[in-house]
Amino acid sequence: MAKIFCVANQKGGVGKTTTTVNLAAGLAKVGQRVLMVDLDPQGNATMGSGVDKRKLELTVYDVLLESASVVEARVKSDKCGYDVLGANRELAGAEVELVEVERREQRLKLALTAAAGDYDFILIDCPPSLSMLTLNGLCSAHGVIVPMQCEYFALEGLTDLVNTIKQVHANMNKDLQIIGLLRVMFDPRITLQQQVSDQLKAHFGDKVFNTVIPRNVRLAEAPSYGLPGVVFDPAARGSQGYVEFAQEMVDRIKKM
Amino acid sequence: MKSSNVLLLPGRDDSGPQHWQTLWEKRHGYVRVKQHDWTRPLRGDWLARLEEMVLSRDEPAVLVAHSLGCILAAAWSARSLNTHRVKAALLVAPSDVEQAEVRDQLPTWSPIDLNALAFPSVLLASRNDPHCEFERARLFAHAWGAQFMDYGECGHINAQAGLASWPEGHVLLQDLMKD
């Protein structure tokens, strides 16, 4: 049965989508069966996985509304080696449409359970806000991967996220835990980044992943080609970082 | 009521510069609900945008919908918990998105919600509207609990129908805006 992880951070622009698609591609590369679920109406993780969000007939929106199953709505990204449960702007309507539905925050979990046998990993790209969509992601997951830049304000956003996860853990999903903090866009030449990284290690200990994703222009360029960096330029340092991170995740879930 | 609380809901492809909705926007300061994608409308996206705009008004809004905007108003009324934030709606020339060729293009808009609207409304229908048969429009009005008005032969009740700033329609709106 698949282990399900949300990639979340309530701060925008921290590399959430980049982490989701590159971890998915990295896991596929090390032989894992992966489903990537895009829960952000912007659909960037869908497009960044080589799937055109404008051409999707069924999306995660249909799954949340129970008009399609995961098996019906998923598509294969041949270039990337993993399956995609895609999103487009239609998904924004779920916030309005599910508001009166009972157990609305459990809809994704129920749907994923039916397909969990097909995968080793299911990765969910959450929107940056704490919305009903994010709650669906958090209620579905065994754990949360938190990508973060080692900058001064990074810890402020983290406090909000930790509080949210505690509340979801207490009230909706006893399985939920922070799997780890992933340092991304890291530049060791910048003293402040090194200092924040050291603080993270001191404060969160082994909750900080060993892998560090370096700042890398090839990772930034890849989305414009509709691909994760790991597929677009496997030799780039950032891409190699994500494959290393994928292996670390495989090792880490063995201990879960 | 304040003009900023009158929300204009254009249909697919937006209302152009000569459309009465655009002329009312310019003349009276009503507010257009701007959608992310006018040419490829996604119902969920349009619903979320309307909800956001209604919630950002400082008193209950009056909706002025044309074409697909009418179908949007009905879909929103059937789902939102905030329908008390709408005072009334003027529904002009609803488009029948259940017509086979339109259904293929806009699959997520079918079926059309046929619940009674949560607010008073007036629906105007034209007898030679290429986007909706007259009897279908009457059916919508009946289902939505809207006051039905037969507007004769006036096409899709848009700029092509030669309405210009459509003062007659504006009188109807002003009635709906009254307390």
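A: What follows goes from the sheet to its helices, then to a surface patch and the salt bridges. The model is predicted.

Start with the strand order. The sheet in chain A is open and has eight strands. They run β3-β4-β2-β5-β1-β6-β7-β8, with mixed pairing. The edges are β3 (75-77) and β8 (208-214) of chain A. Each edge strand has a single partner, so one side of each is left without a neighbour in the sheet. Neighbouring strands are turned by 25 degrees against each other on average, direction ignored.

One pairing can be followed residue by residue. Strands β2 (residues 34-38) and β4 (residues 82-85) of chain A pair in the parallel sense, over three bridges. Within this part, A:Val37 stands opposite A:Leu85 of β4(A).

Now the helices. Helix α7 (residues 132-140) of chain A lies across β1 (3-7), β5 (121-125) and β6 of chain A. Its direction is about 145 degrees to β1(A). Helix α9 (residues 191-204) of chain A lies across β6, β7 (178-186) and β8 of chain A. Here the angle is about 170 degrees, taken to β7(A).

The loop between β6 (143-149) and α8 (154-171) of chain A holds A:Tyr152. This tyrosine has a relative accessible area of 64%, over the 50% cut-off, so A:Tyr152 counts as exposed. A:Tyr152 belongs to a nonpolar surface patch with A:Phe153, A:Ile190 and A:Leu192. Together these residues have about 440 Å² of accessible area.

Next, the charged contacts. The whole structure holds 22 salt bridges over all chains. One of them joins A:Arg74 and A:Asp118, with the closest N and O atoms 2.9 Å apart. The pair links distant parts of the chain, 44 residues apart. A:Arg74 sits in the loop between α4 (70-73) and β3 of chain A. A:Asp118 sits in the loop between α6 (107-113) and β5 of chain A. Both ends are partly exposed: A:Arg74 at 24% relative accessibility, A:Asp118 at 36%.

A second bridge joins A:Lys76 to A:Asp83. Their closest N and O atoms are 3.7 Å apart. The two ends sit in contrasting surroundings. A:Lys76 is exposed at 51% relative accessibility, whereas A:Asp83 is buried at 12%.

A:Asp233 lies in the loop between α11 (229-232) and α12 (237-254) of chain A, and A:Arg218 in helix α10 (residues 217-221), so the pair ties together parts that are 15 residues apart in sequence. A:Asp233 counts as buried, with 17% relative accessibility. A:Arg218 is partly exposed, with a relative accessible area of 30%.

Charged contacts also reach chain B. A:Glu97, B:Arg43, B:Arg79 and B:Asp113 are joined into one network by salt bridges that share partners.

Strand β5 (residues 121-125) of chain B has five of its five residues buried. Both of its faces are covered. B:Ser121, B:Leu123 and B:Ala125 lie on one side, B:Val122 and B:Leu124 on the other. β5(B) pairs in the parallel sense with β4 (residues 86-92) of chain B, over four bridges. Among the bridge partners are B:Ala89 and B:Ser121.

Note on methods. Residues numbered from 1 in each chain as written. Chains lettered and ligands numbered in written order. Predicted model: local features only at pLDDT ≥ 70, side-chain atom pairs only at ≥ 80, totals over all residues. Heavy atoms only, no water. Patch = residues over 30% accessible without salt bridge, like charges linked within 9 Å, V, L, I, M, F, W, Y side chains within 5 Å. Areas by Shrake-Rupley, 256 points an atom, 1.4 Å probe, with all protein chains shown as cover. Salt bridge = Lys/Arg side-chain N within 4 Å of Asp/Glu carboxyl O. Helix = DSSP H or I, 4+ residues; strand = E, 2+ residues; numbered from the N terminus. Buried < 20%, exposed > 50% of the residue type's maximum accessible area, 1.4 Å probe, protein only. Pairing = 2+ DSSP bridges. Axes fitted to C-alpha atoms, helices over the stretch in contact; angles between N-to-C directions. Contact = heavy atoms within 4.5 Å.
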